[in-house]
Amino acid sequence: MDFYYLPLSAPCRSVLMTAKALGIELNKKTLNLFEGEHLKPEFLKINPQHTIPTLVDNGFSLWESRAIMVYLVEKYGKQDDPLYPSCPKKRAVINQRLYFDIGTLYQRFANYFYPQFKEKKPADPEQLKKLEEAFEFLNTFLSESKYAAGDNLTLADLALLASVSTFEAVNVDFSKYEHLTKWYALVKETAPGADENWTGALEMKTLIPK
């Protein structure tokens, strides 16, 4: 499988960890968005939305990280795989956490940091407040169970780990959130591919103005 990605991207790293957990070897193809490689005609044929991560599995193209994660488990995982179990209620909680990650947690990271390194704008304290609110939500979720969506590691943990490790890499302090801190210590030591995830997160740090 060809996997188009950038190591610094949290969504890309969540897919890398999913593949690692499933024992899947990806043919990694770095796509440098800063140099416009995602706009080349050959990539637009694969993904007209020209985003990463993008997976090509025997001619089948798929993008959006959480969709890729689910696809990998459903196609290559075990029956009733604990990463994304078949129980509708368990899946619903995992899905909620995945959607929270993309729509709230990581989105607020982007709203706060992207203008700083893309447009050289000063940090917006109002956006920081919204990011801290997202931490409070996540801290509440994590007070209810050992992992993000129950008592076992799931896709929710891998997606959230990719985001939260990025926060740590760029020196966002979330130490006051007890349950978040406890969960993070657990998953960054036990999640498959956590080391590669951290290496990629540190690349994001180079983009943030000091």
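Q: In this predicted model, at roughly what angle do the axes of helix 1 and helix 3 cross?
A: Take helix 1 as residues 10-22 and helix 3 as residues 65-76. Their axes come within 9 Å, and the crossing angle is roughly 10 degrees.

Q: Are helix 1 and helix 3 roughly parallel or roughly antiparallel to each other?
A: On the helix 1 side, the contact is made by Pro 11, Ser 14, Val 15, Thr 18 and Leu 22, and they meet Ser 65, Ile 68, Met 69, Leu 72 and Val 73 of helix 3. The axes cross at roughly 10 degrees. Angles under 35 degrees count as roughly parallel, so that's the label for helix 1 and helix 3: roughly parallel.

Q: How do helix 6 and helix 7 sit relative to each other, roughly parallel or roughly perpendicular?
A: Their axes are 10 Å apart and the packing angle is about 105 degrees. The range 65 to 115 counts as roughly perpendicular, so helix 6 and helix 7 come out as roughly perpendicular.

Q: Why do the buried residues of helix 5 end up on the same side?
A: The buried set is Gln 127, Leu 131, Ala 134, Phe 135, Leu 138, Asn 139, Phe 141 and Leu 142.

Q: Which residue caps the N-terminal end of helix 5?
A: Look at the backbone nitrogen of Glu 126: a side-chain oxygen lies 2.9 Å from it. That oxygen belongs to the capping residue, Asp 124.

How values were computed:
Residues numbered from 1 in each chain as written. Predicted model: local features only at pLDDT ≥ 70, side-chain atom pairs only at ≥ 80, totals over all residues. Heavy atoms only, no water. Buried < 20%, exposed > 50% of the residue type's maximum accessible area, 1.4 Å probe, protein only. Helix = DSSP H or I, 4+ residues; strand = E, 2+ residues; numbered from the N terminus. Polar contact = N/O pair within 3.5 Å; in protein donor to acceptor, adjacent residues only side chain to side chain. Axes fitted to C-alpha atoms, helices over the stretch in contact; angles between N-to-C directions. Parallel < 35°, antiparallel > 145°, perpendicular 65-115°, else oblique. Contact = heavy atoms within 4.5 Å.
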